[in-house]
Amino acid sequence: MRWSGPPQSWQRYLAYLITGPLIVLNLWVAEQVYLYFEYPINILVIAAILAFLLNQVVIRLSARGLQRRQAIALVLLMTLVVASVLMLLLLPLAIQQAEELLNQLPELADTSNQNLRHLDQLLRRYQFPVGVNDLMEELAIQIKGITALLPSVAITTVTRFFDTLLVLILTVYMLFYGSGIWRGLIQLVPKPWRQGVDDALRLNIRSFFSAQLFLGLFMFLALIPFMVALQVNFGFLFALIIGVAQLIPVVGATLGLGFVTLLILFQDAWLALNIFLIAVVLQQIKDNVLAPKLLGNLMGLNPLWQFIALLIGARVAGFLGILLAIPLAATVKMVLESHPAPEV
């Protein structure tokens, strides 16, 4: 009687058993490479994303009859004008409010206990395990420690300015010469998957980052009138924080809103509740009306898998991994679905 080998189910399980450790090993190697080359990788990837998004406008202008170099020059000019307007009108206001907020944080933390005294008494009456005052006192201690770091924050700000300048210079170079580099990188992908990876990466990166930028801008602009109407101190800065937090997928909206609500809570508990409810309503509009129209079912990822991708991305490449986790995970899913692995 001839032995026919293990059943197919055993072979499949054995393949999974071998593949799992290989994936973990590759992720560990990727993490070590990233940690060693963290600074240049961050600069290059951010510049590449910006160049890729601007290149979509260049392609549209080229389709209307402009030569590519003319289209690139026009896009760079428009970008420079928009960036200059933002830096001259919005950036000084945001910096001013941030400085004022940092200077007032210790005072706000000290006075917040008085605003929440009635709530604390109510919670203690029902034997809540931790009083609000206890939490606020601990938070006040942490905030006072943050103010001691202001000199290092100023130095970091200067460093970030030069990093931003380097990113902008690299973005310009990538607009002119990035296509050749991209084709060279795609050639490293196995030939059966090459075209699928190319198409999926272009589609997911373009759609994901364009949508995130638009949704963040929507939250920022939609919150400004409410901040002004309710006379929220540092309202512009708070709206900007919530808008920028939208760039972080899945958890960014919640983190940004929670942080801003906590800061407003120092000023007025009732005001914090109003802003929280307004922001929640706007987020529902964003998530249920705008986001489906912008992304549709493009990503095709279960929310749980999105969260898992974020955790893996954060572990391997920090904040940069968080930004890239969703489009990369969606790309892997699309490529595997279009090129399924053969049955063992």
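This is a predicted model: local features need pLDDT of at least 70, side-chain atom pairs count only at pLDDT 80 or more; totals for chains, interfaces and linings use all residues.
## Basis of the model

Local features are given only where pLDDT is at least 70 and side-chain atom pairs only at pLDDT 80 or more, whereas totals for chains, interfaces and linings use all residues. Residues are numbered from 1 along each chain as its sequence is written, and side-chain values rest on heavy atoms, with hydrogens and water left out.

L240 belongs to helix α8, residues 235-245 (helices are DSSP runs of H or I with at least four residues, numbered from the N terminus). Its relative accessibility of 29% makes L240 partly exposed (buried means under 20% relative accessible area, exposed over 50%, and partly exposed in between, with a 1.4 Å probe and protein chains only). Not counting residues up to four places away in sequence, L240 touches A94 and F220, contact meaning heavy atoms within 4.5 Å.

Q283, in helix α10 (residues 269-295), is buried at 9% relative accessible area. Leaving aside neighbours within four places in sequence, Q283 contacts M219, Q246, A253 and L257.

## Aromatic pairs

Rings of Phe, Tyr and Trp (its six-membered ring) pair if their centres lie within 6.5 Å, with planes under 30 degrees apart counted as stacked, over 60 as edge-to-face and the rest as tilted; six aromatic pairs result from this rule. Y36 and F37 are edge-to-face, because their ring centres are 4.7 Å apart and their planes stand at 80 degrees.

F220 and F236 also form an edge-to-face pair, at 5.5 Å centre to centre and 80 degrees between the planes. Because F220 lies in helix α7 (residues 191-229) and F236 in helix α8, this pair ties together parts 16 residues apart in sequence. F220 is buried at 10% relative accessibility, and F236 is buried at 12% relative accessible area.

Technical notes:
Helices (H or I, at least four residues) and strands (E, at least two) are DSSP runs, numbered from the N terminus.
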